[in-house]
Amino acid sequence: AAPTELDITFRSCIPRVSYRALPSLHPGLCRSVVPKALIMRLDFDALAFFDILIHLCVLCKSLIIIATFVYTIFSNKTPIQEMDLIQEIIDRAKAQPQHIVFPEGTEERTLKAADRLLRDSVVKLTLIGDPYAIRSRAHDLGLKHVLNANLLDPKNHEKKQAYIDLLLELRGSKGVTPEKAALLVEDPLYLACLMIKAGDADGELAGAINSTGDVLRPALQIVKTAPGFSCVSGLFLMFLPNSDYGHNGLLFFADCAVMPNPDAAQLAQIAVASAGTAKAISGVEPKVAMLSFSTKGSAKHEMVDKVVEATRLAKEQAPHLAIDGELQADAALVDKVAKLKAPGSEVAGQANVLVFPSLEVGNIGYKLVQRLAGAEAVGPILQGMAAPVNDLSRGCSVEDIYKMAAITANQAIAAKGL
């Protein structure tokens, strides 16, 4: 060939195709892959050309993945924050393994989560249910580690009479007869709470197939609330894409799950409990904002008065905590706004625990932040109990159960002062 004529030929027995024919195959591809100046001068082996094209696509995909990963790290996106904190929670649970009870021991997601938890040595476990059914289901699901759990048959075990006696001691004055007690101790949700009360377990996780009311009823009757608390509330960990707010993008919202309309005393308890949960779960120093539609007297209303009184009571109960109110959400979170609306506040502009004045506000608020701001919500984490009892959503995943078991263990560690 003449030196001025560029000719690339792949030596093989594979049929060759002129580059001039490629536009009919995929005109967009050939224009984007090879410079236009070469279109009329290159002849390519068909399969070799598409092999090059595939390699280019793989390279582009790899570059996109790397770029996304780098962007996630340097922009403090939620997945990295959540992954780090959850791993810290898991590591703390591993360091001091707690005994957690799963009353729904035959449920598939529960079994899969239990298998992972035991494989990773995160907690010690009791699964309540027919041992034969648990073993059979574990075999069908290919789960090997779950058999290392304590399998407790609610109808037949050596401590059944002791738990009947304990239940009569706790509830006899409320009308529970020996016959009724004998039936209740066979209910896995009651049995789990009796194990905790007797000191045979450190915490409970349920709700995959039971309602919140069914989970909380025996817990309130048997485990009861912690000293100084008369109510239970639910807290969510909120991992925000924008790390400007809270503790590097981590906020705690309460109450979003239990108390419909707490009075001032109950709201104060929710604030103190939320501070304790934030500290126990994340190690973060809590800065608690008591939220309202008013900041430091900017509006007058009985709903504002409730928050003002709750703030006063919370400070009395826990004088060592950083608690302030009443604060609007922007004054609680944005430093520039805080300096204008609440100058001198040690919480305003840097709050990481947000206490809502009612369940209506809290539940709507966390769902709005979750959906509109793209936040990751983990919870609810129940607080105010004498020992940790946590309620799952019936739509929970295996991963949700795994995380909540580790969180329950952390609550048990904190409750023991370990």
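1. A salt bridge is defined here as a side-chain nitrogen of Lys or Arg lying within 4 Å of a carboxyl oxygen of Asp or Glu. The structure contains 17 salt bridges. It is a predicted model, in which local features need pLDDT of at least 70, side-chain atom pairs count only at pLDDT 80 or more, and totals for chains, interfaces and linings use all residues. Residues are numbered from 1 along each chain as its sequence is written, and side-chain values use heavy atoms, with hydrogens and water left out.

2. Arg137 pairs with Glu108 in a salt bridge whose closest N and O atoms are 2.6 Å apart. Helices are DSSP runs (H or I, at least four residues), numbered from the N terminus. A network of salt bridges joins Glu108, Lys112 and Arg137.

3. Accessibility is classed by relative accessible area: buried under 20%, exposed over 50%, partly exposed in between (1.4 Å probe, protein chains only). Arg137 is partly exposed at 28%, and Glu108 is partly exposed at 30%.

4. Glu285 and Lys279 form a salt bridge through their side chains (2.3 Å, N to O). Glu285 is exposed, with a relative accessible area of 53%, whereas Lys279 is partly exposed at 37%.

5. Within helix α12 (residues 302-317), Glu309 and Arg312 are separated by about one helical turn because they are three residues apart. They form a salt bridge, with the closest N and O atoms 2.6 Å apart. Glu309 is partly exposed at 29% relative accessible area, and Arg312 is partly exposed at 39%.

Key:
Helices (H or I, at least four residues) and strands (E, at least two) are DSSP runs, numbered from the N terminus.
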